[in-house]
Amino acid sequence: MNVLTLLLLGPLVSAVLIFLIIFLFSKVHQSVYTFLALLGPGVSAFLALFVSYYSYFEKEVFSSHLFTWLHIGDFVVEAALKADALSAFMILFVAPVSFLIHIYATGYMDGQRSYGRFFAYFNIFVFFMLLLVLADNPIIMFIGWEGVGLTSYALIGFYYEEIKNTYAGNKAFILNRIGDFGFLSALMLLFLEIGSGGFDFEHIFYNLVQIDSGMLSLIAFLLFVGAMGKSAQIPLFVWLPDAMAGPTPVSALIHAATMVTAGVYMVARFAPLYNLTPDISIFIAYVGALSALFAAVVATREYDIKKILAYSTMSQLGFMFMALGVGAYSTALFHMFAHAFFKALLFMAAGAIIAAFHHKQDIRELRGIQAPVLFVMMYIATLTITAIPPFSAFFSKDAIMSALYASGHVEIFFLAFVASLLTAFYMFRMVFVLFFTREKKSAQKSGASMIYPMAVLTLLSIFAGLLNFPEIFAGELNISHWLGLAEQSHKVPHATEIILMGVNTLFIAGVIFYTYKKYAYTDAIEKENETSVIANKFYVDAFYHQTVVRTLQAFSLFFDKTISKSLIDDSINAMAFAYYKIGKIFAHAENGNVRFYALYILVGVVSGFIYLYFLLGDVV
Amino acid sequence: MSNTFIALAVPALLLLSAIFILLFGLSSYYTKNRAYYITLATLFIAFFISINGIGVLHSAEILPQIFNSMIVYDTFSATFISLFLLGGFLTLAIAKSFVDKTNFFTHESFVLFLLSLFGMVILTMANELLTAFISLEIASMSVYILVGLNRDSLKASEAFFKYLLLGSFAASFYLLGMMLIFAQTKSTNLDVIAEYILNTDLNSQLLVVAGSMLIMITIMFKIAAVPFGAWVLDVYEGASLPITAYMAGVFKIAIFAFALRVFLKDYITFQAIYDPLIIGGALITMAVGSLLAVIQQSVKKMLAASSVVHSGYLLIAFASTGEATSSAASAIIFYLFAYFISAIGAFGVLSYISKGSDNLINYDDLNGLAKERPIIAASLTVFMLSLAGFPSTIGFIGKFYIFTSAIEAGYTFLAFFGALSAFISIYYYFKVIVHLYFKESGHLEVDYGYKVSLAFIVISALIVLWGGVGTSLLLDIPGINALNALSKYSLESLGL
Amino acid sequence: MMLKAYMILSIILFSIGVVGLISRRNIIVIYMSIELMLNAVNLSFVAISADLGESSAQVISLIIIAITASEAALFMSLFVILFRNKASLDANLFDMLGDKK
Amino acid sequence: MQNEIVFATLAIITIVSAIIMISAHRPIDSALSFIVTLISVAALFGLMNATFLFVVQIIIYAGAILSLILFIIMFLNIKDENLPDEKYKNRWLLATSLILTPFCAILINLILRSDIALEGATAKNFGTIQDVGLTLFSKWVLPFELVSILLLVALIGAVMLSKRGE
Amino acid sequence: MSTLSLMIFLPIITAFALFVTKIHINIVKTLYMIVTGIVMYLAFSLYVAFDANASMQFIEYHPWIAEYGISYHIGVDGVSLGIVMMNAIIMPLVAIALYKQRDKRGYWINLLFVQGGIMGAVLSLDLMLFYLFWEVMLLPIFFMIGLFGYGNKHFITMKFNIYTILGSLMMLIGILYVAVQYKGQFGVYSFDLYDLKNVKLGARESFFAFSGFMLAFAIKIPIFPFHTWLSETYRSAPTGAVIVMSALMAKLGAYAIWRFLFTLFPETSHALAPYFIGIGLFGLIYFGISAMSQSHLKKMFALSSASHLSLVVVGFFIYDVYGLVGSSYLIVAHAVSSTALFLMAGMLFERTKTYHIDSLGGIAAVAPKFALFFAFFALSIVGVPLTAGFVAEVLIVLGAFEYDIYVGFISATTILLAMLFMFKMISQVLYGKVSESAKNFQDLRLHELIALIPLALLILAMGIFPNYFIKKIEPTAKSFAAGKEAVYHE
């Protein structure tokens, strides 16, 4: 069996088996589920490493043709997988991180009632994610794309006893689908333009030149709309904080490491297209910058530990899009790579804290927890995200900053800079509030199955930067070379880069210090005003609710009650009623008096004769 | 059997049987049952004699020397005679329970029944206006009396009064019209009149046109076209159910048969003059009939009002005879058959379940019938569907022909209005079905007895269905094609 | 001969009959109106016959008289029945049937 | 000329008596003026040499039918208070006449315009019983026979309807 | 008798036989199962024997009413095959699912009857024959609603009936008009589809005849603004009838547009296509948004069906290979999904005695299997990937984009619209606190599972391996689209 096929189907098989077991047997020991749940992702993770290894070192391109999905006229969609460098790079972290989070989840979900169901969904998610990444043509990719959204929906609303959770799931899926709307439209347009020449990525990129630039921009824009939805960028981001309603492993896997990065992957995948549409690229960069800044600002007034992380995810994704926007694809991808590790780690740590503290999530209530291992891990992850050298994100973020600087869009660079400072602020605010307190609370000890994956991720967070060691430190930018994407290289002189790095780090250190002063061992957090604009997330949610949701509901009522009921149905009924009424009037004519009947006959006769007269009047 | 023999034997048989029963009624052997069965047997035999005349093309004047070419026996009349006899037979057979349970069905009523059939038989054969008028009067008067049969009922007397009065009124128009035609053409023979019309121009036809219109008005009165048919609701309501069935099913066809002969022979030349009148009549008839039918609370009156609508459909076809002569005329014949069998069935069911009372049979009286008597309910449903023109029943094929002929004649809008009133008719016919099947019954289960009546109701229902889908593909029973051929032959025999 | 004059007279008589039939409530008068209408027709037939010099039309009017007679028989019994029922011969009283309600 | 004057006189009598007939309040008055109408019509028959019809008209109409009507009026013993209270009689008469006028006028117009009058030669025995009888039994035997059946029907009907219920 | 005829008449004849005989309800049910089983077997054998490279096949022809050239002319092609299969598959499954519920003979007799009627209407190639079946299949539904429905059922079934027949009668006039024109041009009457398509009509005449047909189909489907019978009827109708209406009859309306309108009036169809695409798109959005504020489960599903059917109409009127195949596919996909959903709504009602979304909740906690299936089918309506609806919607959207980019965008909103109400409904019905009415909710019984699992598998199979199914439709669609090209370039 083909490697990729096996890689893809592993989680699916697991999921199906789990479903069958749930369905057929009422009582099964949890370990059966655990075994199955880990089997599929495990196989996938192993194979992913295998594939990436060969891809990296041997430049081997794996592919697998499953079957013809659809073939009508020119519209040929092969269900085919292909692991070129980009895909191989993606599965390199997607599959192993998934596997690690699975392990973590076995501990996190231990003993819960829907243990089996959880892993079934989880495995399906992995399947779709792999499908997304490995797909050889955009339609299959779109299936994976939608699939991850769907499973995300199921997982966010996993604790369905609380109906709000399911609403959060709904919101996530709906907003995702708004993005998908753009994606799908883009694909359709793309197909109509050049689809007859083959619709796998290779042919698409080969034929791109045939499309005129206006249409190309439209397609590029629509594709990016898809990415906006999936990667929670302005304006489609509102689902992400709400999505934290799901179990924490879900947040770790889906809303940090994998699914939300699909947007980035997609834009990178369509790099040849975006290279042809510089306007849209810059637009992407702006959106990314604004998102990064916005999320960072909001996160500074957030109290829910998971939501802080959610906003930080959004912010980090913003960084990636900035990089994509200026054409630094591999830089963005590299940041994504690093982000997968440290963000997963952050979430897992947060999850461990939450699990240890009776599922409280407000950092003010969690203050002063005693969990040294978690503290260390979280601390490292926080340092990574704030891009303190030598942790991995330092390299990736620095690369982004220099790319931005080099691209000449100083305003974007500036926005990114502010956002990165704010990142340091809110991340350390969280850490300081949680751990640097006077009073101490003891916590339950986290299980081994949770700690070990986190340990692995901690290591990865620290060292992942090695993979794309920049030239400035005598690195070889391995990943960039491996990916070999058509980048717009904005080289900055090494000196400038060093200055940038230095200034950057310095400022960050300053911010950290300020944060320390403000939050560590103080009760500043208690005094913060929860009614400010920032604490209310700039009223975006409320705005959406008022404009979109309310409008739709008003329309719904208007359509249903006013148009359908009052206007159409009632007038139909009124017509019937009027008809009946007219009948009643005729019943008065039918009054039973024989003389009237004779009169009617007479009237008939007379009118007949009048007709005749007019007809025959001029005969003679 | 020679055609002359059939032509003479059938009316003779009816007449003799009538006289026999009249005398028999005075003897001590008389029982109502015997008279009933004698009548049935007469109709049965007459029917079997008459159907020998259908299906083959023939046309001959009967005893032209003696009768002075006043009656003609052709396939056309043979077909209709068979229809009347069948209709009379079915009406009477289904009315068995009614006849038994009431005391006003005396021997004279059978006599009148036979005599009215006699009148109709002559009417279809009549080729001359005065003969037609007299035979029409024979039939009408018998029916007037049959309507007023139940002297104890105020309703019946009133219905008799109205029908008689208005009937005489309308008849005098016929005579006036006949006079005008005679004044111009010096003859009352249809063939002579036709010849006169062909050979002269409009200036010499003024009175023919006017007189023809007056005759047409009498016909309109008899078929209850609006505004001449205001009597129909009251008379149908007042008459006892079998008589209503008889009027609606059989008598009406007789009028149409005569009308068709007159139209095709004489009026066809005036088509351009009369068409707007007939079209107007058709439209207003359908419209008013539908309006009246919709508001009725009783099934019997609803059927009465809907019979007005059916006259409207037929007028559509009459209007189309000018342009699409053959298809319109055969559509009329087919539709008449379709309406006849459905109406007889529908009224028959009502008379079956009314058990001799002069109830109007309100919609609510039908409640729950489907549970108690599924066969009856199913049959009534079939009749309703057929009257509504629902496909797979003969009524649909009839409407199909009529609308086709209208479109063929270029009157697509007439077909459209026909379809509209058919649409409205769905309401009142389906209301019956609603009450039959969906409403809970309020009354106790009753035993209606009379398997024979039931059997004939079911047979009628089967004919209705077979007429809608029948094909010789499956079974070797004459189906729609045969009926078509029948109407075609009868049409051709008019020598057009 | 004055055929047209006779016919016009006949038409006028016929019309008077129609007017009487519709306007009057007394059933006996109504009946007489019908008789008048038929008689008017007869008048024309005889006039035509005289005009033609041929007696067919007279035969027709003879037959019409016979028909009138038979109608008369029915009307007589109608009077009896109606009067028996309502002790009146007012046509307006007989409106039990109909959709007036 | 003589004929015309007689005709005009008779026509006026006929019309006036007919109008009285339809407008008289009491049926007995109507019946009496109807007799006048019928007799003047009979006179018109006579004027046209239709002697047989003249006789028949007087015997059957004026004699039989009218006496029947009078008999019925007497028999039913219709008192004045049993008569319908025809408050709007005159209005009705007027209105109906108005409605009817076009019919009447158009028919008269058509008659005047038509080419019907043949002024054929009148046979010597025209209108006699012999002439009418011969025509009746040679050409019109079927209607004649049918009328007999019609009379039978009417007879049965009258008997059935009028006899007392048992 | 050929397979097709057998599929039409076996149910009808059985229904008649069952009607006139009085036998025990259990035997009725068994016979129902046997007959629908045979029909299903025949349908499968038909599917296997169906030549994927040809369009119309299994043609059967007998003259019926010779005088008017009406014949018994039936045949099946790629598009009708889908509806035939649905009809054959859904009917037995409905019976399995409702096996325990309905102890009325009439229910099963009517269902058998309607199966035959629909089969006939789908297969007819003669207009009168089609009209016959088209009307006849209405009757069982009328009876089912009236006898076994809920609420103000008598009024509603009457309204539905009258409304539908209005359309049918106008279609009748249209049919007759075309046939008469044929006679005028060719000298003989014929109602055969393949004869009548040779008729040349003027633009005005063609427009009116087209309107007559279209009215019938528009009401049956229904498209805006002929939809007002819809939600009340669906609400009142018993489960079996709703399924037949939404899964089969409504689809038949859309199918008939394609089969008859496009064949008979290619130019007019083409000329009017923009309007109907407009109406369809408007309906798509209108019904989708209307459904948002529904609190009655079946009414919501009704509007959701209407929304999807509007999309089907759009797909047909786009009139290219993608639109045609997509619409045909959506017909089948939506038939399966809505069957399952209405079945489950029926089960829900049977258990909780309510259809009101507000008074439901928390079913997932007490009946996980039910919840799983319910959510699955609801999602398949939404058209998530790996379900059949997804494939269909992609194809229609593709066709729409090819037709016009704005049409494309609006039709692509289909992937959003269904979600607007479906997800909230799922949340409220399945999730949250266990509501009062759901306390004693019994999970799916075995026979219900047996009915639902094939539907679920079919949806998945059609979503994952669409090519296998679409191959059978494609030649038909292509030949039609080629016909369109001819029309365009004439």
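Predicted model: local features only at pLDDT ≥ 70, side-chain atom pairs only at ≥ 80, totals over all residues.
Helices, as counted here, are DSSP runs of at least four residues, and strands are runs of at least two.

**Chain D: overall form**

- Read from the N terminus, the elements of chain D follow the order α-α-α-α-α-α.
- The radius of gyration of chain D is 20 Å, whereas a compact globule of 166 residues would have one near 15 Å.
- The C-alpha trace of chain D extends about 55 × 45 × 25 Å along its principal axes.
- Buried residues account for 37% of the 166 residues in chain D.
- Of the contacts in chain D with a separation of 6 or more, 53% involve residues 24 or more positions apart.
- The domain assignment divides chain D into domain 1 (1-83), domain 2 (86-123) and domain 3 (128-166).
- The centres of domain 1 and domain 3 of chain D, taken over C-alpha atoms, are separated by 23 Å.

**Helix H1 of chain D**

- Helix H1 (residues 2-23) of chain D has 22 residues, which at 1.5 Å a residue should span 32 Å; the end C-alpha atoms are 32 Å apart, in agreement with that expectation.
- The buried residues of H1(D) are Thr14(D), Ser17(D), Ala18(D), Met21(D), Ile22(D) and Ser23(D).
- An α-helix has 3.6 residues a turn, so residues three or four places apart point the same way.
- Within chain D, the buried residues of H1(D) pack against helix H2 (27-47) and helix H4 (89-113).
- In chain C, the packing partners of these buried residues are helix H1 (3-23) and helix H2 (27-52).

**Contact between chains C and D**

- On the chain D side, 74 residues are in contact with 62 residues of chain C.
- The elements of chain D that give two or more residues to this side are H1, H2, helix H3 (51-76), H4, helix H5 (129-138) and helix H6 (141-162).
- H4(D) provides the largest share, twelve residues.
- By residue class, the side of chain D that touches chain C comprises 55 nonpolar, 13 polar and six charged residues.

**Chain C: overall form**

- The elements of chain C run α-α-α from the N terminus.
- Chain C is more spread out than a compact globule, because its radius of gyration of 17 Å is well over the 13 Å that the globule rule gives for 101 residues.
- Along the principal axes, the C-alpha atoms of chain C fill a box of roughly 55 × 25 × 20 Å.
- Buried residues form 78% of the 101 residues in chain C.
- Among contacts in chain C between residues at least 6 apart in sequence, those joining residues at least 24 apart make up 49%.

**Pairs without contact**

- Chain C does not touch chain E, and their nearest C-alpha atoms are 24 Å apart.
- Chain D and chain E are not joined by any contact either; their closest C-alpha atoms lie 39 Å apart.

**Ile333 of chain B**

- Ile333(B) lies in helix H15 (residues 325-354) of chain B.
- With 28 other C-beta atoms within 10 Å, Ile333(B) counts as buried, because the cut-off is 20 or more.
- Leaving aside residues up to four places away in sequence, Ile333(B) touches Ser487(B), Ser490(B) and Leu491(B).
- The C-alpha atoms of Ile333(B) and Phe256(B) are separated by 8.8 Å, although the two residues are 77 residues apart along the chain.

Methods
Residues numbered from 1 in each chain as written. Chains lettered and ligands numbered in written order. Buried ≥ 20, exposed ≤ 12 C-beta atoms within 10 Å, placed from the backbone. Contact = placed C-beta atoms within 7 Å. Expected span 1.5 Å × (residues − 1). Rg over C-alpha atoms; globule rule 2.2 N^0.38 Å. Nonpolar A, V, L, I, M, F, W, Y, C, P; charged D, E, K, R; others polar. Domains from an automatic or database assignment.
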